[in-house]
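Subject: Structure handover

Hi,

Here is the structure I promised to pass on. Please open it beside this email and follow along. My notes come after it.

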Amino acid sequence: MKGTDSIRSLKGIGDKTEQIFHSAGIATVDDLVTLYPRYYLTYEEPVFIADAQPGIRIAVYGKITNALSYRQFRGLKITTCNIRDHSGSLGITWYNMPYMRKQLHQGDTRIFVGTPVMKNGRLVMEHPECYTQEAYEKQRQTLQPVYPLAKGLTNKMIVKAMSQTIPYMKHVEEYLPQTIVERYHLQAYGISLQNVHFPTKREDVIEAKKRLIFDEFFIFLAAMRMVKEKTGIVYNHYPIKETKESRHFMSQLPFRLTNAQRRALDEMIQDLRKEQVMNRLVQGDVGSGKTILAVILLLMTATNGYQGALMAPTEVLAVQHYETFCNMLEPYHIRIALLTGSTKAKEKQEIYQKLKDHELDLVIGTHALIQEKVEYHNLALVITDEQHRFGVRQREAFYRKGLEPHVLVMSATPIPRTLALIMYGDLDISIIDELPANRLPIKNCVVNTSYRPQAYRFIEKQVQLGHQVYVICPMVEESENMDAENVTEYTKILQQNLSPSVKIESLNGRMKATDKNRIMDDFGNGKIDVLVSTTVIEVGINVPNATVMMVENAERFGLAQLHQLRGRIGRGSSQSYCIFIQGKENEETKKRLEILNKSNDGFYIANEDLKLRGPGDFFGVRQSGMMDFVLADIYQNADMLKMANDAVELLEQQGFSFQNLQNEKLKKQLELSLQL
Ligand code: ADP
Ligand code: MG
């Protein structure tokens, strides 16, 4: 078996299954073995029933106190019983497993493993796994991988396919340079693969993940070196100066730039005149006013006779930026176009032609902007908003097209300076550590669902005052996972609970782009009062008149994400309010949400979050998912990041060339990591 073999070569994978794997991005054996578990189900020591909490998976050791009862309800076959230990009792329910009545009887003692939920005011464990004490002792040793699932793809299917790749894992070649493997005491690649998928004990996972996290960082950093080696020193072909238009624009701003904005802007104005091309990161917390800097720089670019581009991670944000730019730059007759995935083919062709002929000065869009077909006349400045890894990848993409523009990356991700220096390699860094003076700090509250009626009244009041409201739900529509609120149902509930004059609309990621854009437009123009949405609005959206953010099932989101969501309010001079609703209450999520309750500062939140999670959380679900790493987390694995950086520097000192790699597999990995 080779890594490049199609998964078709595995037993049990026919046309249909292959298609399902394909749509999850898995075509080859290598794709499969690098699909890592999201987390592991572990089997812990049983706890007392009295200590059970809703929403937390536990094991309890209990005696069945009654005969199992059986009934049918709405087509469901429901089997129930009660268990107890000396501390309390717990309900047990199985659906469509009538045979449980044959397997368990009154008086049996078993270990039940599951996640209790509240049902009619009582804790019930649904579908528990059930073990005798001996069987559980064995089970205690195991860790069951839980894979990220995609449509049609089940954990079972993945495990079945994965188990056939063990012979491959056993013989897979080591692709890191041997000096690195030895110096940093890394586990062999093949062993890490086996252990991450089929661990027999916890240490297996810890060791394997260490190696794989090292790899992720190493490949990222090495790819950065590769690009740097290729491009070498890049001279500034596009010196850009302030113009009368840019000065005029700045004198007409409806507000004063903060000192921090001013400082960052001055640094960039300097950069654009220097001998070498600009490569800069502007880091500033949500709402610190990064967009206006992009407007000024791109106006300078256009009025110096060059072209500029602004790239956003989502179409919704690209459209919003496009509108902001058209509005602000209207007096200066700058020719601007919007280019995204949903731009019609004909219009796309026109835009391509105009970019080539310099009939356009600025183009704003998603990464459609750097697709193969796009040619520019004289692209001098590229700005990316909220796209952390765009920096390196896009420089590579432009380099391939023979372009060497100035690059500015704008980000709200609060990365400590030492880590930012590594992650962003050769980027210079400006920090906007100040919010505009007209802002009132957001008022927060963390409450449970019983607070909803009050929240609705509050929303109603804010709408009466002329303000707007976001309500976030984790799901689009009702799903098997009944525990989380969904946009579709919630919109109806709000309609029933708010007066009919309140205009409510819903938005979700599955909608057509044109619909999404229309709704965001209407919300931006105040035609919608309350927007019920999934997290599609998370990044960058700016509607300063919105003053309330209500997040349902706040416990389901990571702190970084919640902070981004909250960043959608508090963008104007009115007092804003953030309401985090806890669907499931437990100590851990309470503690996490308390951090947000206490502070609106992204850096503080990232730090506290890290402390709470601790560095050793190797089995759990990763929260942040930041910077597109699969396993690695720059905060939690900061030590591995430093180690990988050290390794790359060491190789560089030894004259190792990342550009002319002999090792095909490493080469492929580096190239892959640069793809958009
Ligand atoms: P972010 O840094 O999150 O991208 P934006 O650039 O979207 O923030 O700015 C948020 C809001 O603050 C916008 O409405 C913008 O016009 C406004 N703004 C930016 N700079 C200032 C300032 N110096 N004083 C007052 N308001 C500002
Ligand atoms: Mg922004």
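The count of salt bridges comes to 28. Keep in mind that this is a predicted model.

Start with R202 and E44. They form a salt bridge, and their closest N and O atoms are 3.7 Å apart. This pair links distant parts of the chain, 158 residues apart. R202 sits in helix α9 (residues 202–231). E44 sits in the loop between β1 (39–42) and β2 (58–64).

Next, look at D361 and R335. Their side chains meet in a salt bridge at 3.0 Å, N to O. Both residues are in loops. D361 lies between α14 (345–356) and β14 (362–365). R335 lies between α13 (315–329) and β13 (336–339). The pair therefore ties together parts that are 26 residues apart in sequence. D361 has 7% relative accessibility, which is under 20%, so it counts as buried. R335 has a relative accessible area of 36% and is partly exposed.

R510 is in the loop between β20 (504–507) and α19 (513–524). E477 is in the loop between β19 (468–472) and α18 (487–497). So this pair ties together parts 33 residues apart in sequence. R510 has 62% relative accessibility, which is over 50%, so it counts as exposed. E477 is partly exposed, with a relative accessible area of 42%.

Then there is the network. Salt bridges that share partners join E267, D271, K274 and R280.

Now turn to a pair of helices. Two packed helices are described by the angle between their axes and the distance between the axes. Take helix α20 (residues 559–566) and helix α21 (residues 587–598). Their axes come within 11 Å and cross at roughly 35°. The crossing is right-handed. Which residues of α20 and α21 meet? From α20 they are L559, L562, H563 and R566. From α21 they are R592, L593, I595 and L596. By class, this contact has 5 nonpolar, 1 polar and 2 charged residues.

Best wishes

Key: Residues numbered from 1 in each chain as written. Chains lettered and ligands numbered in written order. Predicted model: local features only at pLDDT ≥ 70, side-chain atom pairs only at ≥ 80, totals over all residues. Heavy atoms only, no water. Axes fitted to C-alpha atoms, helices over the stretch in contact; angles between N-to-C directions. Helix = DSSP H or I, 4+ residues; strand = E, 2+ residues; numbered from the N terminus. Left-handed = near helix turned anticlockwise from the far one by under 90°. Contact = heavy atoms within 4.5 Å. Nonpolar A, V, L, I, M, F, W, Y, C, P; charged D, E, K, R; others polar. Salt bridge = Lys/Arg side-chain N within 4 Å of Asp/Glu carboxyl O. Buried < 20%, exposed > 50% of the residue type's maximum accessible area, 1.4 Å probe, protein only.
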